[in-house]
Every structure is written in C-alpha cells, then in structure tokens.
Amino acid sequence: MLSSTSVRSYLHLHFLVMIWGFTAIVGLMVTISPVALVLYRTLFAAIGLGIVILSFKKSFAAASRDVVKMLAVGFVLSAHWMLFFASARVSTASVCLAGMATTSLWTSLLEPLVNKRKIRPLEVGLGILAFAGLYVVFRFEFDHALGLVLALASAMLAATFTVANSRLVQRIDAWVITFYEMVGATLFSLLFLAISENKNWNGGAPFVPATGDWIWILFLAFVCTVYASTMATQLMKQFSAYLINLTINLEPVYGIALAFFIFGEKERMTQGFYMGTVLILLAVLLYPLLTSTVLRKRNRKIIEAGK
C-alpha cells in the first residue's frame with residue numbers, strides 16, 4: 001500500500017504531466033519559430049528561478065564540475081524542446097505528444113547504463129508495449145512521418161535529461177538545478193538561433209513575438225518550466241527516472257484531449273491512433289501494479305529465508 005504522502009506525490013506528478021500535455025498546444029498558438037520560442041521560454045524561466053532562489057535566500061553555490069554538468073543538461077533540454085515544438089508544427093499536437101511516449105523505452109536502456117545496474121526485463125517490456133502503441137498510431141498516420149522522427153529524437157533527449165537529473169537531485173537543490181539548466185538552455189538557444197538565422201532553418205517564422213504571443217511565452221516559462229520542471233525534479237527524490245518517464249507517457253492522453261477540446265476537428269485522428277494511446281496508457285498503469293507484485297514476492301522470499 002502506498003502512503004498518503006506517496007499518493008499525493010503521484011497525483012502531483014500526473015498534474016505536472018497534464019501541464020506538459022498543454023505545451024504542444026501552446027507551440028501551435030504562437031507565431032514565432034520553435035528556436036525563438038525555446039529561447040524566450042528558457043530566458044524568462046532562468047530569470048524567474050533566480051528571483052525565487054534569492055527570495056528564499058537559497059544559495060547558487062555548486063561545485064564547478066556540477067555547474068558544467070547542469071549547463072550541459074540544459075543544452076540537452078533546449079534541443080529536446082526545439083524538436084518537440086518543431087514536431088507539433090510539421091504535424092499535429094497529437095502526433096507530437098504520441099511520439100513522446102517512447103521516452104520510457106529510451107529510459108529503460110539509458111538509466112541502467114548511467115546508474116550501472118542491470119537492465120530490468122519488466123521496464124524494457126513495458127517500454128516496448130508503449131512503443132507498440134506508437135507503432136499502431138503511426139500505422140494509420142503515415143503522412144506525419146517527419147513529425148514522428150522529430151518526436152522520437154525529442155523523446156530520446158528527454159530520457160537523457162531525466163536520467164541525468166535523477167543523479168543531480170540527490171545532492172543539489174532542485175531549484176538550483178533547474179536554474180542552471182535554464183541558463184544552459186538559454187545559451188544553447190542563442191547559439192542555435194544564430195545558426196538557424198544564417199541558414200534560414202526557421203521556415204520563415206518570425207523571431208519577434210506578436211503581442212498575443214507573450215501570454216503563452218510567460219505561461220511556458222513560469223508555469224510549465226519554473227513550476228512544473230522544478231517540482232518534477234523534486235519528485236525524482238521519491239520516484240525512479242523510469243517511473244517519472246513512464247508516467248509522462250500520459251502526456252499524449254492529456255494533450256490529445258486538450259487539443260481536441262481547443263482545436264476541434266483539426267485534431268481528430270483515426271481509430272488506430274486512439275487504439276495506440278490505449279496501449280500506452282496500459283503500460284503506464286501496469287508498471288506500479290507489476291512492480292508492487294514483484295516487490296511483495298521478493299520480500300516474502302527474504303522473510304521465508306530468514307526463518
């Protein structure tokens with residue numbers, strides 16, 4: 001049985017995922033390029049986090065090696081968001097969000113390598129189940145191939161980001177981690193913005209936000225990043241990176257429902273698409289149930305062996 005604190009934390013995690021499910025929709029509501037959007041998002045988020053840290057009289061201090069690591073993770077996060085928003089632009093919010101479901105599969109392979117533990121067949125199996133759901137989705141949505149490729153790359157970077165944070169949060173305050181990562185993401189966005197401007201990779205989208213863009217940029221910066229990202233990092237103290245990312249598989253479920261509510265028929269997908277999301281949801285629900293069963297059996301064997 002989960003404690004009341006664990007239940008609250010798990011529900012909190014789902015609330016954060018629902019917020020992230022809205023981000024692809026926001027990416028379609030603004031007029032600026034994905035690169036510029038990530039730049040503004042991370043810049044304002046870094047400023048907001050700096051104010052919060054100063055207000056609570058926390059320290060920005062961290063070992064030089066850790067600062068470099070956090071800035072590097074920020075680079076990864078920035079690239080993840082760029083691909084994420086680009087995927088939504090070239091396809092749909094629903095396709096982009098469904099592609100993120102493979103994050104758990106990438107995590108099941110990356111986390112054991114980073115933490116130097118054996119790959120757990122249960123994690124790989126459920127990750128494959130989530131990937132199978134994605135296959136069903138795109139069996140009926142071949143016209144969104146580019147969006148799929150971008151979303152898969154974004155998912156792989158998201159897994160890298162989460163695994164890295166699961167190690168950093170064990171010794172560094174979550175607010176400080178997110179601050180340095182937003183600084184790193186801002187620097188990477190500035191660098192990439194200069195390159196994309198010279199190469200005209202922005203598809204003609206403007207870099208200067210329209211008046212109506214600002215409310216969504218601030219929403220991304222303060223709600224989706226300062227609040228959601230920091231709280232998710234904090235929750236990594238209680239949950240494994242794999243469970244965090246497996247729960248994030250619900251992002252397409254929440255996001256697709258929100259996208260259909262906001263955009264209507266533009267986001268209506270085929271029956272196969274929704275069958276695939278059911279498989280993804282099944283993987284999410286099976287993980288805590290199967291893990292709990294395995295732990296009970298293991299504990300029972302330990303108790304019996306001790307008699």
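This is a predicted model: local features need pLDDT of at least 70, side-chain atom pairs count only at pLDDT 80 or more; totals for chains, interfaces and linings use all residues.
**View 1. Arg65, Lys69, Lys116 and Arg167 form a positive surface patch.** Patch residues have over 30% relative accessible area and no salt bridge, with like charges joined within 9 Å and nonpolar side chains (Val, Leu, Ile, Met, Phe, Trp, Tyr) within 5 Å. Lys69 has a relative accessible area of 37%, so it is partly exposed (buried is under 20%, exposed over 50%, partly exposed in between, with a 1.4 Å probe and protein chains only).

**View 2. Glu181 is buried yet has no salt bridge.** A salt bridge needs a side-chain nitrogen of Lys or Arg within 4 Å of a carboxyl oxygen of Asp or Glu. For Glu181, the nearest side chain of opposite charge is Arg171, 10 Å away. Look for Glu181 in helix α9 (residues 174-199).

**View 3. Phe15, Met18 and Tyr227 make a nonpolar surface patch of about 250 Å².** Tyr227 sits in helix α10 (residues 213-235). Its relative accessibility is 30%, so Tyr227 counts as partly exposed.

**View 4. Leu281 lies in helix α13 (residues 271-306).** The C-alpha atoms of Leu281 and Leu250 are separated by 6.4 Å, with the two residues 31 apart along the chain.

Key:
Residues are numbered from 1 along each chain as its sequence is written. Side-chain values use heavy atoms; hydrogens and water are left out. Accessible areas come from the Shrake-Rupley method with a 1.4 Å probe; for residues, only the protein chains shown count as cover. Lys and Arg count as positive and Asp and Glu as negative; His and the chain ends are not counted. The place of a charge is taken as NZ of Lys, CZ of Arg, CG of Asp or CD of Glu. Helices (H or I, at least four residues) and strands (E, at least two) are DSSP runs, numbered from the N terminus.
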